[in-house]
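Biologist: Please show me the model, and then take my questions one at a time.

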Amino acid sequence: MGHVAIVTGGTRGIGEAISVALRDAGHTVAATYAGNAEAAKRFEERSGIRTYKFDVSDFEACQGAVDRITKDLGPVGILVNNAGITRDGTMHRMSFDRWNAVLQTNLSSCFNMARCVIDGMRERGFGRIVNIGSVNGQAGQYGQVNYAAAKSGIHGFTKALAQEGAARGITVNAIAPGYIDTDMVRAVPEKVLEKIIATIPVGRLGHASEIAKGVLFLVDEDMGFMTGSTLSINGGQHMY
Ligand code: CAA
């Protein structure tokens, strides 16, 4: 059965692949974005998927958007917390603003969005929440105290919410992508990126579609016994 699915940051990169995969699997997708209206318009034309512009770090904006999506498309059965930013830099050069922007956008957003859909999921006895973490939240990364802390927080958030949702038919899982071929990763200085790729046993960057396949697996109605897990999709870069 198809559900209404929200994918935050769903118009570009990993989020775009997730939105399209969910659409192809028969779900009605709302793809959200924060700023890049031009990219969102192109995405909407290409995919036929509706887009919604709001800031996931702003709780009231999330409430307004979830209300609108529910009115437009119906009650939300699937939430993919994918939106994320980087503000890389070593600690001794990092401003509070760069720390805070990443924590709010990457981690507080998960609370904001989940809080807005959880009551409905509890009432209906069904929900699938997938949070996109990162290999860098598992292993740490030079120059990313902000990003690693936020992504690591996502993994804890996932396990706690999974325990709360379990008795109500709501599963909550995370995916920890490695380095995926997206604009975000391509923004890493070339020399640094070359060194990182050399540490990936599979020998290449991942494809966004490989993360989307993981999401499809986790949101399957028949996967109600899988909750609180983290699926690592990282080319073997980090195993534990
Ligand atoms: N471990 C140890 N030392 C390191 C290091 C590492 N991983 N990376 C850099 N260094 C060292 C360098 O060798 C250099 O030392 P020397 O001066 O002795 O040569 C020193 O640290 C400074 O390095 P940079 O010249 O790179 O410093 P910078 O201030 O110009 O830049 C940085 C620092 C912004 C952190 C830059 O190194 C960088 O962009 N690194 C990549 C961070 C990264 O992986 N980001 C991932 C973004 S994508 C993402 O996050 C998606 C995901 O989920 C995976």
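Predicted model: local features only at pLDDT ≥ 70, side-chain atom pairs only at ≥ 80, totals over all residues.

Modeller: Residues are numbered from 1 along each chain as its sequence is written, and side-chain values use heavy atoms, with hydrogens and water left out.

Biologist: How far from an oxygen atom of the ligand is the polar side-chain atom of Tyr142?

Modeller: A polar contact is a pair of N or O atoms within 3.5 Å; within protein, one must be able to donate a hydrogen and the other to accept it, and residues adjacent in sequence count only if both atoms are side-chain atoms. Gln141 has a polar side-chain atom 3.3 Å from a ligand oxygen, and for Tyr147 the value is 2.7 Å. For Tyr142 it is 2.5 Å.

Biologist: Which helix gives the largest share of the lining of the second largest pocket?

Modeller: On a 1 Å grid over the protein atoms alone, a pocket is an open set of points where a 1.4 Å probe fits, with protein on both sides within 12 Å along at least five of seven lines; lining residues have an atom within 4 Å of a point. Of the 13 lining residues, the closest to the centre are Val66, Thr70, Cys116, Val117 and Gly120. Helices here are DSSP runs of H or I with at least four residues, and strands are runs of E with at least two, numbered from the N terminus. Helix 3 (59-73) and helix 4 (96-124) each supply at least two lining residues, and the largest share, six residues, comes from helix 4.

Biologist: Why is Met94 classed as buried?

Modeller: Met94 lies in the loop between strand 4 (76-81) and helix 4. Buried means under 20% relative accessible area, exposed over 50%, and partly exposed in between (1.4 Å probe, protein chains only). Met94 is classed as buried because its relative accessible area is 16%.

Biologist: Which residue has its backbone nitrogen 3.0 Å from a polar side-chain atom of His27?

Modeller: His27 is in the loop between helix 1 (13-24) and strand 2 (28-33). His27 is buried, at a relative accessible area of 12%. The backbone nitrogen belongs to His3.
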